[in-house]
Structures are given as structure tokens and as C-alpha cells.
Amino acid sequence: VVANMPAEKEEEVGQTVEKKEEEEAGDDVASDAEDNEAEDEGGEGGEGAAKKKKKKKKKKSKKKKSTGPKPGPIGTPSKKPQSRLLGEEAFTDYYVQYGQTDPPTVPVEDLFRGREYPKGEITPHPLESNTYRETDAEKRAHDRMMSDIYSKVRHASEVHREVRSYAQSFIKPGIKLADMCQMLENKNRELVKEDGLLRGIGFPTGCSINHVAAHYTPNPGDDTVLQYDDVMKVDFGTQIDGRIIDSAWTVSFNPRYDPLLEAVKEATNAGIATAGIDVRLCDVGEAVQEVMESYEIELDGKTYPVKCIRNLNGHSIGPYQIHAGKSVPIVKGGDTTKMEEDEMYAIETFGTTGRGYIVEDMECSHYMKNFHAPHVPLRLPRAKKLLGHINKTFGTLAFCRRWLERVDGGSFAVNGSDGKQEKYMGALKNLCDVGIVQAYPPLCDVKGSYTAQYEHTIMLRPTCKEIVSKGDDY
């Protein structure tokens, strides 16, 4: 039939047949070739098809590009911290081995995208009755089912390690404690990609000095400066989906305090080694005390025994609950309750050259909404407003006055630049008085004494014990 047609008609039919064949080929034909064919056809339909394809091309090219910092080349750690008694392998830039920048700017989630987060130190559970756990098929299956939670815990742990390594680079005599806390906390927010209650800081940075053992952080207007002869406990936390990592170490620059730091570090390690599934809490305390009180320290020609601070404890950790109900003593005697499978604990020990007993003293800076807070009708409008801010910004996580006075009120993701709380002290006192919020004042031994602290978070997995916050530094 085509052979009997005029030349012009033959051309048109040929083009139609070619076009149908190309349409049947579908996506196998390159888009550039299709554009050229559409232009060759010369008709209005051809021009329209070409324009549509050009528009599609433009849309494809408008992909969102990540504007944040990207991982760099793998480096070799080389910078040593100034603080004493950190591990021989401790480097303040240890994170460059993962491609992190120095100082760290890449969120840990982006740094390890497509890779597993580093695991903590893994050891078997103590007690002969637990030896079957490493190879038992049921326990191994249970372990695999928990992999999502383990990943979140390890993510938070790696953030903690990178933040504290960065902090060890600038914690030096002469730094103002308020500046130190601000730098550390801002880096914590940056590396964890702070997102309100989903991920962020676990609790305020503790930087208790000398006879103050815990729960001190600078309030607004506090200009305390770190001195060469100070012994400072740095205690901060990171959380992801409520899984809190609680870890602390002691900073000192004068070698005369080395025996105190060594005593507390070894006591913490002894407590961690003793802890495990079915272990009684009192047995952990006995192991800690035995190691701690085997040390003594000489200061200004006088010898002091290193004592455990007997009314401070380690504790179990639950989702969004830093103290989840069980206390781990650091002296013998006490609770015979056993540790259980799948629990998380903060094993922390405190040593002192003082009396070994702390009391609440000084101006309060730490606050936390009670996990089981009662429903109380509030009469003060300011108290209602402050409680609403606490609920959406901190939930049941601890907070401090410095955070309330930040422009973002403690979380930029939640409040933007409109979160600062003003004239809140009366409202905060009211919330404490009715039992909704608990105040945690600084805990102090006798003035003139020196206290030290080391702490790690452990997971009691079905098959093993994982010291998730362990690092090269301590």
C-alpha cells in the first residue's frame, strides 16, 4: 500500500510508523534522542512534547543538596589532652580516624551513614550460672531482636565520646566554667542533631569542683574560673529516643591528686567488672569499696585515706528516666536486689579525702520534672506557662537555669528563637513546692576536701555485658 502512495504521504506514514516504534521502545531510548525527534517532526504536538521533556529535565536537576559539613579523609589522631590520668591511647582528635573534621562538625548520624556505630567494650557476664548465655540460641535470638535499641544506644555513646574528646582539648586552667559548659553543650547539640525530645542533651553538664561532688553547673552570672589546683568532675549526658548515656571523668592538672583519681577510676572498673545479670547490687558496692579504700593520698605533708562517699550511688537508667528505680551502692551492705537482663546501669563511684558523706549545699542549678508527677491544679499563670515549656522542651529529662535563659529556651528545634523564659524563679519554686518538679542542689563534702568521680553506662545484654560509653580516654 505504501508503495502506491504519493511521496509526501509516504513520508508522513513513514514518520508515523517510526514514532510508534519509538513509543513501544519506551524508556530504552535516551531522553536527548527523543527531544531531537520531537523537534524533527516540526508539528505543534512535537514542539509541546519537547517542551514537556525539557521541563522534566529541569525538575530532575532541582534535587536538594545537603548543605551540612561532610566527612573528610581518614586521619591519624595526634593531639594529647592536658588533663591527667586519661588513657595512654587518649587523643582529643581521636574521631579523625572515622573521617570526622577537627574540631568535629559532622553529625555522628551522617558520619556513620551506611555503617554500624562502634560497639562498646564487650565482656561476659560474671557468675558461673551465666556461662551458657554466650552460645544459647534463644539468648542470641533475643539479642538480635534488640538490635534497633542497641544501635540508638551506641549512636548516643559515640556522640558522647566525640564531645568529651573535643572538650578535653579546651579544658585548661583559666577557662570560665560557664564558657566551658556552653561550648561542650553546643557541640553535643550539633553532633547529635538536636531535635527536642527525640534526641539531644541527656542532662546539664556537671562541673563540680573540689569538695563539691555532684550536681553543680554554673547559673547565669556565675563567673567561676577553673584553677590549676582544682579537681573537677565533668558529668554530662546524651540521649536518643530517651536512651540516655551517662558518663563522667575527673579533670586535674596537678600530679599530687593522681592517687585520688587512680583510686576512683580503679574502683569504677571493679564495679563494672562485678556487675552483671543476677548479681546482687550489694556485691557491686562491696567490690567498689574494697578497691577504693585500699588507696591513700598525701597532701601538704598529711596522709589521707581515700573514702567512698557512702550516700552516693550508681543507678539503673530507663527511657527518659535517668534514675529508673534501682540504686547501685558503692559501699558494702544494703540492697540485695539482683540486676536483670536488658537493664541499663550507670556505674559511678565517688572518692573523697573528707568525711565520706555529702549534704545538699549552695545555690541550686539542676531541676527535673518528676517521672510520676502528680496532677496538681496550678493557680499561678506563670507556673502554668513554665510547666508547659518544661513539658514540651525537656519532658522528664533534667534541665538547668542556664537553659531556661537561652534564646531557644533549651531547644531550638522545639522553640526556635522564641523560647527564653523571663521572671521564672517564682514559678519554678511553685512547681517544686507542689511536687511537679524536683530540685537537685549541689552535693558537698566538707570544705577543704577533694572529691573525684568516674562513671560509665553499661547494657546487660542477654548474651554479654557491653560497656557502651567506654573509650580510649577512660
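Mentor: Helices (H or I, at least four residues) and strands (E, at least two) are DSSP runs, numbered from the N terminus. This is a predicted model, where local features need pLDDT of at least 70, side-chain atom pairs count only at pLDDT 80 or more, and totals for chains, interfaces and linings use all residues. Residues are numbered from 1 along each chain as its sequence is written, and side-chain values use heavy atoms, with hydrogens and water left out.
Trainee: OK, how many helices and strands are there in the protein?
Mentor: The protein has 13 helices and 18 strands.
Trainee: How do α8 and α9 cross?
Mentor: The axes of α8 (residues 258–274) and α9 (residues 281–292) cross at roughly 155° and come within 8 Å. Axes here are lines fitted to C-alpha atoms, for helices over the stretch in contact, with angles from 0 to 180 degrees between N-to-C directions. So α8 is roughly antiparallel to α9, a label for angles over 145 degrees.
Trainee: What's in the loop between α8 and α9?
Mentor: Asp278, for one, lies there. Asp278 has a positive phi, near 75°, and is not a glycine.
Trainee: Is Asn210 buried or exposed?
Mentor: Asn210 counts as buried because its relative accessibility is 17%; buried means under 20% relative accessible area, with a 1.4 Å probe and protein chains only. Asn210 sits in the loop between β2 (199–209) and β3 (212–214), with a positive phi of about 55°.
Trainee: Switching topic, which peptide bond is cis?
Mentor: The one from Asp102 to Pro103, with omega near 0°. Pro103 is in the loop between α3 (44–61) and α4 (108–111).

Definitions and conventions: Parallel < 35°, antiparallel > 145°, perpendicular 65-115°, else oblique. Buried < 20%, exposed > 50% of the residue type's maximum accessible area, 1.4 Å probe, protein only.
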